[in-house]
Amino acid sequence: MTYADLNGISLYYEEHGSGQPLVLLHGGLAAGSTYAPILPALAAGRRVILVDLQAHGHTADVDRPLRYETLADDIAALIGHLGLDQADVMGYSFGGATALRTAIQHPALVRRLVLVAVPFRRDGWYPESLAGMDQMGSHLSDMLKQGPLYELYASAAPRVEDWPVLLDKTGDLLRRDYDWSADLERITAQAMLVYADADAVRPAHIVDFYARLGGGLRDANWDGSARPVTRLAVLPGQTHYDILGSPVLPAAVIPFLDADSLEPPAPMGR
């Protein structure tokens with residue numbers, strides 16, 4: 001097991017493959033191991049750095065709240081700990097918000113950014129999704145112990161008795177309002193947005209996010225010379241809850257990560 005001591009936390013991470021570094025960030029109440037179904041595809045030809053975020057997986061909790069901003073600082077510190085000038089960063093849901101904050105707070109460290117099933121503003125979630133987030137807390141501890149998330153937690157957590165604490169900290173995080181609209185302009189990474197066609201994020205918000213990153217503002221021209229650098233993928237037949245394990249996800253993301261250049265071609269005839 002490999003840990004990096006940084007920012008007052010002992011952050012667990014694994015490395016798979018070699019090549020351009022790609023940091024993978026998991027969803028809430030989960031762990032890096034949830035990438036297992038698609039890890040072989042992502043690690044073929046690149047150096048994948050699989051992280052367990054604060055209080056998740058093998059990483060023990062510390063005396064600080066869960067905040068996307070501090071989690072992002074942890075990822076930036078890990079990139080530095082590994083001696084990397086830059087890395088690609090891909091995050092899903094909770095990990096997607098952490099990836100987004102990493103690109104906002106530490107733009108020079110992120111080369112390409114893949115955001116899976118995450119909004120840039122809290123009201124990007126459907127109302128019923130927000131209602132569920134509002135209920136999160138330790139009072140659900142026993143009920144959630146009957147499900148796969150607790151099984152995953154119990155198999156890795158240094159202190160299994162911290163499960164109710166994680167639920168309370170997660171609930172506190174999920175109930176906090178946020179709007180990162182003004183922060184998006186700080187991103188210098190080339191970005192790709194990925195959603196399920198039956199996601200927990202509203203389609204109107206997805207379109208707004210894409211536009212704020214420069215996508216979908218005009219026709220790309222017949223020769224592609226006016227296409228945006230930002231990419232958007234909506235994966236058919238998927239939901240917010242199964243998109244991470246779908247083979248369609250790496251198939252969509254890998255060409256974005258592997259492309260030598262994402263810049264549009266020069267107009268024909270010039």
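Colleague: Which residue in S4 does Glu15 stand opposite?
Modeller: Glu15 stands opposite Ile49 in S4. Keep in mind throughout that this is a predicted model.

Colleague: And how do S2 and S4 run, and how many bridges join them?
Modeller: Strand S2, residues 9-16, and strand S4, residues 46-52, run antiparallel and are joined by five bridges. Another pair to look at there is His16, whose bridge partner in S4 is Val48.

Colleague: What about S1 and S2, how many bridges there?
Modeller: Five bridges, and S1 and S2 run antiparallel. Tyr3 has Tyr12 in S2 as its bridge partner. The hairpin of S1 and S2 has two residues between the strands, and Asn7 takes a positive phi near 55° in it.

Colleague: Zooming out, what is the strand order of the sheet?
Modeller: The order is S1-S2-S4-S3-S5-S6-S7-S8, in an open sheet of eight strands with mixed pairing.

Colleague: Which strands does helix H2 touch?
Modeller: Helix H2, residues 68-81, packs on the sheet and touches S1, S2, strand S3 (20-25), S4 and strand S5 (87-92). The direction of H2 makes about 110° with that of S1.

Colleague: And H9, which strands does that one touch?
Modeller: Helix H9, residues 248-258, also packs on the sheet. The strands touched by H9 are S3, S4, S5, strand S6 (110-116), strand S7 (190-198) and S8. The direction of H9 makes about 160° with that of S6.

Colleague: Back to H2. Is Asp74 buried or exposed?
Modeller: Asp74 is in helix H2. Its relative accessible area is 0%, so Asp74 counts as buried, the cut-off being under 20%.

Colleague: What is Asp74 in contact with?
Modeller: Leaving aside neighbours within four places in sequence, Asp74 is in contact with Leu6, Asn7, Ile9, Leu11 and Arg64.

Colleague: New topic, pockets. What volume does the largest one have?
Modeller: The largest pocket has a volume of about 820 Å³.

Colleague: How many residues line it, and which lie nearest the centre of that largest pocket?
Modeller: The lining has 34 residues, and Gly28, Ser93, Leu149, His240 and Tyr241 lie nearest the centre. Helix H3 (94-105), helix H4 (127-134), helix H5 (141-144) and helix H7 (163-174) are the elements that give two or more residues to the lining.

Colleague: How do the residues of that lining divide?
Modeller: The lining of the largest pocket divides into 21 nonpolar, ten polar and three charged residues.

Colleague: You listed H7. Is Lys169 buried or exposed?
Modeller: Lys169 is in helix H7. With a relative accessible area of 16%, Lys169 is under the 20% cut-off and therefore buried.

Colleague: What does Lys169 touch?
Modeller: Not counting residues up to four places away in sequence, Lys169 touches Gln54, Asp61, Val62, Arg64 and Leu66. Arg64 is also among the contacts of Asp74.

Colleague: How many cavities of 30 Å³ or more does the structure hold?
Modeller: One. The largest cavity has a volume of about 70 Å³.

Colleague: Which residues line the largest cavity?
Modeller: Ala55, His56, Gly57, Thr59, Ala60, Asp61, Tyr153, Ala157, Pro158, Arg159, Asp162 and Leu166 do. They divide into six nonpolar, three polar and three charged. Asp61 is also one of the residues that Lys169 touches.

Colleague: Where does Ala55 lie?
Modeller: Ala55 lies in the loop between S4 and H2. At 4% relative accessibility, Ala55 counts as buried. Its phi is positive, about 70°, although Ala55 is not a glycine.

Colleague: And what is the phi of Ala117 near?
Modeller: Near 60°, a positive value in a residue other than glycine. Ala117 is in the loop between S6 and H4, and with a relative accessible area of 0% Ala117 is buried.

Key
Residues numbered from 1 in each chain as written. Predicted model: local features only at pLDDT ≥ 70, side-chain atom pairs only at ≥ 80, totals over all residues. Heavy atoms only, no water. Pairing = 2+ DSSP bridges. Helix = DSSP H or I, 4+ residues; strand = E, 2+ residues; numbered from the N terminus. Contact = heavy atoms within 4.5 Å. Axes fitted to C-alpha atoms, helices over the stretch in contact; angles between N-to-C directions. Buried < 20%, exposed > 50% of the residue type's maximum accessible area, 1.4 Å probe, protein only. 1 Å grid on protein atoms, 1.4 Å probe; cavity = no way out; pocket = protein on both sides within 12 Å on 5 of 7 lines; lining within 4 Å. Points joined across faces, edges and corners; volume = space filled by probe spheres on them. Nonpolar A, V, L, I, M, F, W, Y, C, P; charged D, E, K, R; others polar.
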